[in-house]
Amino acid sequence: MDIERRNNVTVTGNPQGPTVVLAHGFGCDQNMWRLTVPALAEDYRVVLFDYVGSGRSDPAAFSEDRYATLDGYAHDAVEVCDALDLRGAVFVGHSVSAMIGVLAAGLAPERIGALVMVAPSPRYIDDDGYRGGFSAPDIDELLASLESNYLGWSAAMAPVIMGNADRPELGEELKNSFCATDPDMARVFARTTFLSDSRNDLKSVRVPTLVLECTQDVIAPREVGAFVHQAIPGSELVTLDATGHCPHLSAPAATNEAIAGFLAGLR
Amino acid sequence: MCRTGQPDPHDAGDEQTSDAAFAALLEDSAEELYESAPCGYLSTLMDGTIAKVNTTLLGWLGLERAAVVGRMRFPDLLTVGGKLYHETHFAPLLRMQGEIGGIALEVKRAGGARMPVLVSSVVKHGDAGEPLLIRTTVFDARDRRAYEEELLRGRKAAEEARKQAEADRARLQEALAVLQQSLLPATLPPVPGVETAAHYHTASPDRLGGDFYDVFPVDGKRFAFFLGDVCGKGPQAAAVTSLTRYTLRAAALHDPDPVSALSTLNKVLHERYTGSGDPRYCTAVFGTLEPDPVTGQVAIHLASGGHPPVLVLRADGTADFLPTPGGLLVGVLPSARFVTATTCLAPGDTLLLYTDGLTEARTGQDRTSLYGDEALLAFAARHAGKSPTDVIQALTDLLDGFGAGLDDDTALLALGAPAPTL
């Protein structure tokens with residue numbers, strides 16, 4: 001199988017530099033990193049990809065069974081690293097991808113040498129003595145929101161949006177196409193993301209890890225950031241002066257500075 | 001409307017009226033329009049903090065201006081599901097595209113009620129291109145959402161029904177596959193000193209046919225074979241086919257004499273279906289074959305119950321029917337007379353059994369031009385001397401050539417004494 005095509009892999013930046021993999025979270029695709037790539041491109045080789053079921057990945061590769069757990073997505077990440085034969089790459093994951101990075105580092109320790117977790121949460125739903133910020137009915141409400149917003153998706157447009165990695169100009173004309181996803185695949189990703197519980201995986205992290213949290217983030221509140229930081233031995237926590245769940249878009253300068261500083265420390 | 005420099009005197013009265021109406025309209029200031037527009041207006045800082053909001057939206061929310069401006073962020077107005085959607089889709093898209101339109105969300109109203117809305121936002125940029133603020137319009141989508149939910153419900157119900165139908169279909173196909181195996185042998189058994197070949201065409205889409213054939217050993221020296229045609233087609237005929245096939249097999253093990261086997265079948269069918277209101281009968285040829293390992297010849301004894309005569313294709317390039325006239329349909333009368341025939345296949349000779357789907361295939365537009373016995377005999381003569389496999393292949397091609405003209409089940413069975421290898 002052609003993984004680079006399946007996951008719409010993009011390789012850019014400095015071919016001689018250490019490799020940084022940028023992994024998008026639930027919602028949109030690798031375009032989320034558009035303000036991050038320029039900050040890293042001079043010194044690092046930058047790898048971007050779309051998880052199967054998102055962006056311009058190959059819809060034919062989607063399987064509800066495989067992507068019903070975060071492991072399925074972690075295998076996507078590992079297979080991308082395998083396809084490019086990466087060694088000791090830095091995996092920068094946003095939102096649920098931060099946890100997918102933890103799982104991928106466990107699956108392929110030789111491939112992933114460090115983690116940057118942007119606005120991570122190991123569990124979104126409240127539990128005994130743990131506050132993730134959401135209840136199960138909240139997640140059902142999100143699934144309903146997904147149903148009401150196909151974001152320009154229609155079966156007729158699907159091949160244009162997802163099947164034409166080689167003809168990106170087709171997709172550019174479509175509004176909202178960065179977040180356009182087959183509703184069935186989006187529902188699976190949403191369920192897998194928001195019903196997951198990866199708290200126990202945090203303590204197994206053995207690589208240098210940077211946790212980035214925002215001052216005001218509905219999806220990953222500060223106490224969750226603190227939980228992740230405490231659970232990962234030796235991790236570093238940086239609180240970005242940013243509102244919302246996407247600091248790489250809303251506060252790109254501060255986010256890039258934090259990532260670049262961490263990367264420089266690894267060299 | 002096109003105005004000229006000269007007012008039309010006839011128009012003067014109308015002109016005055018419309019000017020007055022226009023003047024009244026101009027009383028509607030931009031400020032008034034903003035506050036009381038039939039949609040909600042909202043301006044926020046880039047972090048979502050609400051800087052300005054119109055009266056219409058405050059009315060929908062049931063909130064005082066002082067409680068909102070500078071105190072709440074746009075996502076605070078949304079339900080939790082809406083907040084999640086805002087953070088994962090709306091906000092990133094707005095950042096990437098500078099605008100976003102027609103997103104379905106729900107706002108919370110004072111008192112806990114929710115109101116479906118459609119939200120569009122655009123980012124206002126400064127001179128240097130830096131994002132300054134977000135302008136948002138909010139439309140009342142209550143009626144529209146109710147209708148969409150109806151559509152979604154309908155879509156879900158249709159999806160459920162489709163999945164159920166697919167599951168049912170898969171289950172039925174599995175059951176059907178098992179049943180089909182009871183109607184026809186998957187492969188013919190090897191018969192020492194005899195080459196066999198068969199072909200089956202079913203006219204029913206569920207592949208349940210009313211024609212049947214089989215070849216099986218009856219004792220150390222002899223094999224039995226049969227081929228026939230149950231009246232009708234489809235599942236009802238297939239049920240009779242199954243009964244017929246197993247009755248003939250059981251009867252032959254007891255007594256392989258062709259007349260005896262057909263008589264047993266006659267009795268079984270007659271008893272089973274007489275008085276059922278659904279009389280069922282069939283035509284059939286039943287026979288035994290006994291190869292002689294020394295001479296390579298095969299002795300054939302057969303009997304026919306109302307079935308078209310079998311064909312013998314000789315190695316010398318001739319072909320003939322082996323007549324079995326006057327045999328009765330099997331299953332119609334309590335006891336029936338069957339007609340016997342014998343022949344001997346020399347090396348290179350082939351015995352061909354067929355059902356009337358072949359001879360009654362339409363070769364023209366209507367029922368008046370059928371393929372017929374004569375054409376079949378001529379066809380057989382052209383292929384006389386060929387192996388059973390080749391003969392069946394030629395006939396299969398012939399059947400395919402009939403296309404829609406072949407509208408009945410058709411079974412073909414060829415048994416041959418192999419020609420000596422040179």
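A residue counts as buried when its relative accessible area is under 20%. In this predicted model, A:Asn8 has a relative accessible area of 15% and is therefore buried. A:Asn8 sits in the loop that links helix H1 (3–6) to strand S1 (10–13) of chain A. The phi angle of A:Asn8 is near 50°, a positive value in a residue that is not glycine.

A:Ser95 belongs to the loop between strand S4 (89–94) and helix H4 (96–107) of chain A. With a relative accessible area of 5%, A:Ser95 is likewise buried.

## Chain A as a whole

Chain A contains 11 helices and 7 strands. Of its 267 residues, 58% are classed as buried. The accessible surface of chain A amounts to about 10,300 Å², and carbon and sulfur atoms account for 49% of that area. When contacts between residues at least 6 apart in sequence are considered, 77% of those in chain A connect residues at least 24 apart.

The mean pLDDT of chain A is 89, and 89% of the residues in the chain reach 70 or more. Residues 151–174 of chain A have a pLDDT below 50, and this stretch makes 45 contacts in the model beyond near neighbours in sequence.

## Chain B: elements and dimensions

Chain B comprises 11 helices and 15 strands. The radius of gyration of chain B is 42 Å, whereas the globule rule gives 22 Å for 422 residues; the chain is therefore more spread out than a compact globule. Along the principal axes, the C-alpha atoms of chain B occupy a box of roughly 115 × 60 × 55 Å.

Of the 422 residues in chain B, 44% are buried. The chain exposes about 21,400 Å², with carbon and sulfur atoms contributing 56% of this area. Among contacts in chain B with a separation of 6 or more, 61% involve residues 24 or more positions apart.

## A buried loop residue in chain B

B:Ala384 is located in the loop between helix H10 (372–383) and helix H11 (388–402) of chain B. Its relative accessible area is 13%, so B:Ala384 is buried.

Leaving aside residues up to four places away in sequence, B:Ala384 touches B:Leu313, B:Arg314, B:Gly317 and B:Thr318. B:Asp316 is 68 residues from B:Ala384 in sequence, yet the C-alpha atoms of the two are 7.2 Å apart in space.

## A nonpolar patch on chain B

B:Leu328, B:Leu329, B:Val332 and B:Leu333 together form a nonpolar surface patch of about 280 Å². One of these residues, B:Leu329, lies in the loop between strand S12 (319–322) and strand S13 (339–345) of chain B.

Patch membership requires over 30% relative accessible area. B:Leu329 has a relative accessible area of 32% and is therefore partly exposed.

Definitions and conventions. Residues numbered from 1 in each chain as written. Chains lettered and ligands numbered in written order. Predicted model: local features only at pLDDT ≥ 70, side-chain atom pairs only at ≥ 80, totals over all residues. Heavy atoms only, no water. Patch = residues over 30% accessible without salt bridge, like charges linked within 9 Å, V, L, I, M, F, W, Y side chains within 5 Å. Areas by Shrake-Rupley, 256 points an atom, 1.4 Å probe, with all protein chains shown as cover. Salt bridge = Lys/Arg side-chain N within 4 Å of Asp/Glu carboxyl O. Helix = DSSP H or I, 4+ residues; strand = E, 2+ residues; numbered from the N terminus. Buried < 20%, exposed > 50% of the residue type's maximum accessible area, 1.4 Å probe, protein only. pLDDT = per-residue confidence, 0-100. Contact = heavy atoms within 4.5 Å. Rg over C-alpha atoms; globule rule 2.2 N^0.38 Å.
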